[in-house]
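Dear colleague,

Please find below the structure that I am handing over to you. My notes on it follow directly after.

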Amino acid sequence: MGLSNKSKEILTGPFSKNNPVIIQMLGICSALAVTSKLEPSIVMGISVTVVVAFANVIISLLRNTIPNRIRIIVQLVVAAALVTIVSEVLKAFAFDVNKQLSVFVGLIVTNCILMGRLEAFALGNGPWESFLDGLGNGLGYGLILVVIGFFRELFGSGTLLGYPVIPEVFYQWGYVNNGLMILPPMALIVVAVIIWVHRSRNKDLQEN
Amino acid sequence: MNRDSNTYTIVYASVMVVLVAVVLAFTSQSLRSFQKENEENDKRQQILRSINVQVQANEAKAKYNELIEKSFLVNEQGEPIEGDAFAADVAKAFGQQMYPVFIARIDGQTKYIMALSGAGLWGPLWGYISVNDDCNTIYGADFSHAGETPGLGAEIVFPSFSRQFAGKHIFVQGEYKSVAIVKPGKSATGQDYVDGISGGTITSQGVNKMIFDSLQGYVRFLTSQNQ
């Protein structure tokens, strides 16, 4: 890929040093809501990536025409319309995926990452950079979701993607699934642990 | 062009809204027939699952036509009435005292399938439940939901929950009792019961109420079949 250094920085920055969830603290609400299982976490990560990337491009193309006073409304309309179209297309051609997504469609529109990136990046940058920024932030968000979903499903239900992974003998020896992991507060604690580990490995991010 | 003028803002907003509305309306209209077919196949799959038959969406129509002998609506007195049981919106039909019945024949045995409709924690619940030809013993059940929490209430869609209903009785000594859903480890007196979902208490209670309320409308129909 012939990406310039700047483009590469825009794309990969959000994976770690500028991650939307653990650095910018955006999208926490949906990170809590959908991560009790691994599968919805993955689906949500992909959907947000697609929507942020395309909404970024559209807003970036329109950025020189949008009246400043109603820019948030314009962003919302673009995001909501895009999500609705994606949902309608899925309903027609991938019905099973849509059934899983139904809960999240609303969450995508209200996802703070979406509004955050449109407002902070797409309004001031060209379409290609905005596309990369959307892609990077969506993937960075998805990455954190998958990590949280992995731990919550593993310890909460003893399964991964619905398949049992903890051997039956463990249960016979007295191992019990931790029901607390499935409840939303544990997602917050897992996010906190991820932030803790991440900051301790990246000393420059620590604040005094 | 002054982007901060009132005229520009109003014109911009109006054009945007009209454009978006046209695009959305067009998408919705052009995809409607695909969506309708998907929804119908999904409904057929749900009905088939309630008689313990699992099929892919593309085979649902053929299998449904093969197994379901007839379908009709009954009223609270258990008498058949005019209407299309498959096309009926269950929640609306219940409101008008109309109850969809599907009759399936499996290995020479008749199974009566009844529709369920209720509410969970976040939104509607629905499902289908089938009974043997004694009109009392449950043969199978299937539950769906619009937006219950994944990992908690949403677990009601899995066979690990719905399979518990097979063999339970909805009448005890001729009296309508429904099947109770209790916290795992607890029991119910005077009626059959199954375990609810741990951590999905409100959804479990919703299913409990849904089965009780929905089957209540079928009581006359079931008892009249049995004579």
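This is a predicted model: local features need pLDDT of at least 70, side-chain atom pairs count only at pLDDT 80 or more; totals for chains, interfaces and linings use all residues.

Contact between the chains. On each side the count is given in residues: 26 of chain B are in contact with 26 of chain A. On the side of chain B that touches chain A, 13 residues are nonpolar, ten are polar and three are charged.

Strands of chain B. Strand E1 of chain B, residues 68–74, runs antiparallel to strand E3 of chain B, residues 99–106, and six bridges join the two. Within this pairing, B:Lys70 has B:Ile103 of E3(B) as its bridge partner. E1(B) is also joined by two bridges to strand E2 of chain B, residues 80–81, again in an antiparallel arrangement. Five residues lie between the strands in the hairpin of E1(B) and E2(B), and among them B:Gly78 adopts a positive phi near 85°.

Nonpolar core. The largest nonpolar core has 88 residues, and the members that touch the most others are A:Val51, A:Ala55 and B:Met114. Helix H3 of chain A, residues 38–62, supplies the largest share of this core, with eight residues. Which residues is A:Ala55 in contact with, leaving aside its neighbours within four places in sequence? They are A:Val78, A:Ala79, A:Leu82, A:Leu114, A:Leu118 and A:Gly134.

With kind regards

How values were computed: Residues are numbered from 1 along each chain as its sequence is written. Chains are lettered from A and ligands numbered from 1 in the order in which they are written. Two residues are in contact if their C-beta atoms, placed from the backbone, lie within 7 Å. Ala, Val, Leu, Ile, Met, Phe, Trp, Tyr, Cys and Pro count as nonpolar, Asp, Glu, Lys and Arg as charged, and the others, Gly among them, as polar. Two strands pair if DSSP finds at least two bridges between them. Helices (H or I, at least four residues) and strands (E, at least two) are DSSP runs, numbered from the N terminus. A nonpolar core is a set of buried Ala, Val, Leu, Ile, Met, Phe, Trp, Tyr and Cys residues joined through C-beta atoms within 7 Å. A residue is buried if 20 or more other C-beta atoms lie within 10 Å of its own, exposed if 12 or fewer, and partly exposed in between; C-beta atoms are placed from the backbone.
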